[in-house]
Amino acid sequence: MTHATPFAEIWRGPFLESVHSGHAVICDDTGQIVQAWGDPQAVILPRSSSKMIQALPLINSGAADKYGLTTEQLALACASHQGAAIHTDRVGVWLQTLGLGDDDFRCGPQEPEDREAREALIRAHEQPCQIHNNCSGKHAGFLTMTQFLKAGPEYNDPDHPLQRACLEAFETVTQETSPGYGIDGCSAPNFACTLHGMARAMAHFAAAPAGSAEARLHEAMRLHPDLVAGETRACTELMRAMDGKVALKTGAEGFFIAILPQQRLGIALKAACGTTRAAECAIAALLVKLGALDAGHPATLKRMNAPIRNWRGIETGVLKPAAGLQ
């Protein structure tokens, strides 16, 4: 087994203080590895980076067209959003069109990460609802598909027809038989594969023909980066920095993917330590390496070669990609 390779370094003055390591794979449209770091065969849980795959049955079944889903709704189906009004208002309307309500979700309540939305709940002496969950857009898609299938309400059950369809889609695009699943933060099964399999799936998305489910999903993400994550978030800011030419999606525990349609490439990476800053630094470095992202863009500089400042605003160090990743 190949060991994790250095991803990101934290320097404090002249001292290398910390090193984050991980695994990364870049695949082309044939599914072959263009370049890899660490172990391409590492078995991983892609977490929320797999939401585009989980949304494939929504389109391929005909449900999305039957219910007239917009590009905004498709972007939300792939989102890990902040729970801001821009997100929850749209998910709320989506639920209403289905004749459903917050109690029909199975994702669980979550305090909004958006400060304005969180403080509004506090001022109103209200508790967060399931619609505030960062995965509520994905679950609105799940509910749409469940209604289309006329299936039971416990759509998170791994044996539910919806989750069986998600597994079939997952194994098709990764070109692997999944060894199993873990239960995600939103209570849905999250299927495992190798890192190579996930990068291969993202390259498959990148090379998908116009009008296909894969193309419709990554086009929606690129068209609505604000809905995929939210203000201050890496997915949103980096997609904007690339003028919507690349789709990005983070996943919990230091996972990240990129879909590059113009280059017909897919990237998947996993920070072995599960740290967000390591994954964000690594994905920025790889996108710069591929010429997709400007190294000097402010959104890049927040994650790669980013100054570390103390409470007085004094620059005390820097977060930068490891030499081998560049």
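1. Basis. The model is predicted, so local features need pLDDT of at least 70 and side-chain atom pairs count only at pLDDT 80 or more, while totals for chains, interfaces and linings use all residues. Residues are numbered from 1 along each chain as its sequence is written, and side-chain values use heavy atoms, with hydrogens and water left out.

2. Cysteines. A disulfide is a covalent bond between the sulfur atoms of two cysteines; here the term is given to a pair of cysteine sulfur atoms within 2.5 Å. The search of the whole structure finds 0 disulfides. For C78, the nearest cysteine sulfur is that of C235, 11 Å away. For C166, the nearest is that of C186, 11 Å away.

3. Burial of two cysteines. C78 is buried, with a relative accessible area of 0%, and C166 is buried at 2%. Buried means under 20% relative accessible area, found with a 1.4 Å probe on protein chains only.

4. Cavities. A cavity is a set of points on a 1 Å grid over the protein atoms alone where a 1.4 Å probe fits but cannot get out; lining residues have an atom within 4 Å of a point. Grid points are joined across faces, edges and corners, and a volume is the space filled by probe spheres set on the points. The structure holds 2 cavities of 30 Å³ or more.

5. Largest cavity. Its volume is about 70 Å³. Among the lining residues are K51, P57, F142 and L162. Two or more residues each come from α1 (51–54), α2 (56–60) and α7 (136–149), and α7 gives the largest share, 4 residues. Helices (H or I, at least four residues) and strands (E, at least two) are DSSP runs, numbered from the N terminus.

6. Second largest cavity. This one has about 40 Å³ of space. C166 is one of its lining residues, as are S50, I53, Q54, F170, N190 and F191. The lining divides into 4 nonpolar, 3 polar and no charged residues. Ala, Val, Leu, Ile, Met, Phe, Trp, Tyr, Cys and Pro count as nonpolar, Asp, Glu, Lys and Arg as charged, and the others, Gly among them, as polar.

7. Largest pocket. A pocket is an open set with protein on both sides within 12 Å along at least five of seven lines. About 380 Å³ of space lies in the largest pocket. Of its 23 lining residues, S48, S80, N134, G251 and A252 are the closest to its centre. α13 gives the most to the lining, with 3 residues. By class, the lining has 7 nonpolar, 10 polar and 6 charged residues.

Definitions and conventions
Buried < 20%, exposed > 50% of the residue type's maximum accessible area, 1.4 Å probe, protein only.
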